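Trainee: I have a model open and would like to go through it with you. Could you take me through the strands and the packing?
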Amino acid sequence: RDEAELKRAKMELDEIKQREARAEEEKRIKRELELKRLKEEEEAAEEKKRRDKEAAEAVERYKKLEADRMAAEKLRKEHEEKEYKRRMQEDLLKSGLDEKAISAILEKKKVPNAPEPGHRPTYTRMARRHLSIETLRTFHIDFDIDNDPEYILIKRWVPEWEQDQFWRHTKYIREKRSSTLLIEEKKTHRHEPQFEWVRKKSDRKRSKSPGGLLMYLAGAKPA
């Protein structure tokens, strides 16, 4: 009996050890899984931090480039505006206008129409061959027809840059009008009926005279 009890006690002890070993193994596996999860979360956080940093740096680079571009664009426009005003001022000085009128034009203010005493009003005479009345109406230009109907009198001085603008606009509308007329002409020709002259045949049928052999057989004598 003692031997049986000893054997049973040994079996119980083995079972206890096995349960403890399994429990320890489960704890070890859980610790490893937890460590793996924490490591993955840490790596993901580091990756997100890196991406956020790169995105922020990209935004800053874009902002700097955009600021540089806008600054360069501003300088370019200021330079063009200064050059435009300089050329306009030179043209206006050549036209004989006074400083007050020139200043009003440059500042886009209303220019007094009344001429100074002793000064005749300034007109610009331009050929209608190169300038369309439609262009003058488009730009709201006050004008009269010259005594020579081939010319137009604009009731103010027109600088060279504005003359170029008028000529370009006139060329544009005339080319556009010519192309429109050409298209309409092609359409008209396309729908014209096509005729063909045919000689009408006569309704009368030619009577065929009997042949000489047939007349001979019928008893007729040859002439």
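Mentor: Let us begin with a term for the strands: two strands pair if DSSP finds at least two bridges between them. Please also keep in mind that this is a predicted model.

Trainee: What order do the strands of the open sheet have?

Mentor: The order is β1-β3-β2 in an open sheet of three strands, and the pairing is antiparallel. The edge strands are β1, residues 124-127, and β2, residues 143-145, each of which pairs on one side only. From one strand to the next, the twist averages 30°.

Trainee: How many bridges join β1 to β3?

Mentor: Four bridges join these antiparallel strands, and Thr124 of that pairing has Ile154 as its bridge partner in β3.

Trainee: Which residues of β3 are on its covered face, and which are on the uncovered one?

Mentor: Ile152 and Ile154 form the covered face of β3, whereas Tyr151 and Leu153 form the uncovered one. Tyr151 has a further feature, in that the charged end of Arg125 sits over its ring, 3.9 Å from the ring centre.

Trainee: Phe166 keeps coming up. How many aromatic pairs does a search of the whole structure find?

Mentor: The search finds one aromatic pair. Its rings belong to Phe139 and Phe166, with centres 5.6 Å apart and planes at 55°, so the pair is classed as tilted.

Trainee: Why does tilted apply at that angle?

Mentor: Planes under 30 degrees apart count as stacked and those over 60 as edge-to-face, with the rest being tilted, and the planes of Phe139 and Phe166 are at 55°.

Trainee: Which parts does the pair tie together?

Mentor: Phe139 lies in the loop between α3 (133-138) and β2, while Phe166 lies in helix α4 (residues 160-190), so the pair ties together parts that are 27 residues apart in sequence.

Trainee: Is Phe166 buried or exposed? And what about Phe139, what is its relative accessible area?

Mentor: Phe166 counts as buried, at 0% relative accessibility, whereas Phe139 is partly exposed, with a relative accessible area of 30%.

Trainee: Last topic, the whole chain: how many helices and strands are there?

Mentor: The protein chain has five helices and three strands, and from the N terminus on its elements run α-α-β-α-β-β-α-α. Of its 223 residues, 13% count as buried. Among the contacts with a separation of 6 or more, residues 24 or more positions apart account for 54%.

Technical notes. Residues are numbered from 1 along each chain as its sequence is written. This is a predicted model: local features need pLDDT of at least 70, side-chain atom pairs count only at pLDDT 80 or more; totals for chains, interfaces and linings use all residues. Side-chain values use heavy atoms; hydrogens and water are left out. Helices (H or I, at least four residues) and strands (E, at least two) are DSSP runs, numbered from the N terminus. Axes are lines fitted to C-alpha atoms, for helices over the stretch in contact, and angles run from 0 to 180 degrees between N-to-C directions. Rings of Phe, Tyr and Trp (its six-membered ring) pair if their centres lie within 6.5 Å; planes under 30 degrees apart count as stacked, over 60 as edge-to-face and the rest as tilted. Buried means under 20% relative accessible area, exposed over 50%, partly exposed in between (1.4 Å probe, protein chains only). A charge sits over a ring if NZ of Lys or CZ of Arg is within 6 Å of the ring centre and within 35 degrees of the ring normal. Contact means heavy atoms within 4.5 Å.
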